[in-house]
Amino acid sequence: MPQMTDECARRFGQEWVDAWNAHDLDRVLAHYADDCEFQSPFIISIANEPSGRLTGKAAIRAYWAAALEKLPDLRFELLDVLIGADCLTLHYRGHRGLVAETCFFNGSGKVICATACYSIGL
């Protein structure tokens, strides 16, 4: 993947949040490689996966669909996008508070791994 520019990072962040706010899983998953991995502490309770990790779009789609069913009014507010080396972090506000989700990209610009971290409210 070429060096992530500010413009590309902003565009990715806005497209990602817009897709989530539309509850359009096809649009959300279009950003991800077929064999992507997603990590979240909520995978444990929602997908009943003790590792907190899912691999592949089918497993991630099922998890996100179940989450959207439980949270029909889910909306995200993008606060910032942070750029790293072959990755970016989306800082946003969700229904549980502040979230930082880091996405790592392959050479084709698709997310190969993402991990979500949630504020514990200090």
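These are my notebook entries on a predicted model.

**Entry: helix H1**

I began with helix H1, residues 6-21. At 1.5 Å a residue, its 16 residues should span 22 Å. The end C-alpha atoms are 22 Å apart, so the two values agree.

Next I asked which residues of H1 are buried. They are Ala 9, Phe 12, Gly 13, Trp 16, Val 17, Ala 19, Trp 20 and Asn 21. Just after H1, I noted that His 23 has a positive phi of about 55 degrees.

**Entry: the nonpolar core**

I looked up the largest nonpolar core and found 31 residues in it. The residues with the most contacts inside this core are Phe 12, Trp 16, Trp 20, Tyr 32, Phe 38, Trp 64 and Leu 88. H1 supplies the largest share, six residues.

Then I turned to Gln 39, which lies in strand S1. Is Gln 39 buried or exposed? Its relative accessibility is 18%, and the cut-off for buried is under 20%, so Gln 39 counts as buried. Leaving out residues up to four places away in sequence, Gln 39 touches Gly 52, Arg 53, Cys 113, Ala 114, Thr 115 and Ala 116.

**Entry: Thr 89**

Thr 89 sits in strand S4, residues 87-94. With 18% relative accessibility, Thr 89 counts as buried. I wanted to know which side chain it meets in a polar contact. The partner is the side chain of Thr 102, at 2.7 Å. Beyond four places in sequence, Thr 89 touches Asp 80, Val 81, Leu 82, Ala 100, Glu 101 and Thr 102.

**Entry: cavities**

How many cavities of 30 Å³ or more does the structure hold? I found two. The largest cavity holds about 240 Å³ of space. I counted 20 residues lining this cavity. Those closest to its centre are Tyr 63, Leu 74, Phe 76, Arg 96 and Tyr 118. The elements that give two or more residues to the lining are H1, H4, S4 and S5.

Key: Residues numbered from 1 in each chain as written. Predicted model: local features only at pLDDT ≥ 70, side-chain atom pairs only at ≥ 80, totals over all residues. Heavy atoms only, no water. Helix = DSSP H or I, 4+ residues; strand = E, 2+ residues; numbered from the N terminus. Buried < 20%, exposed > 50% of the residue type's maximum accessible area, 1.4 Å probe, protein only. Polar contact = N/O pair within 3.5 Å; in protein donor to acceptor, adjacent residues only side chain to side chain. Contact = heavy atoms within 4.5 Å. Expected span 1.5 Å × (residues − 1). Core = buried A, V, L, I, M, F, W, Y, C linked by side-chain atoms within 4.5 Å. 1 Å grid on protein atoms, 1.4 Å probe; cavity = no way out; pocket = protein on both sides within 12 Å on 5 of 7 lines; lining within 4 Å. Points joined across faces, edges and corners; volume = space filled by probe spheres on them.
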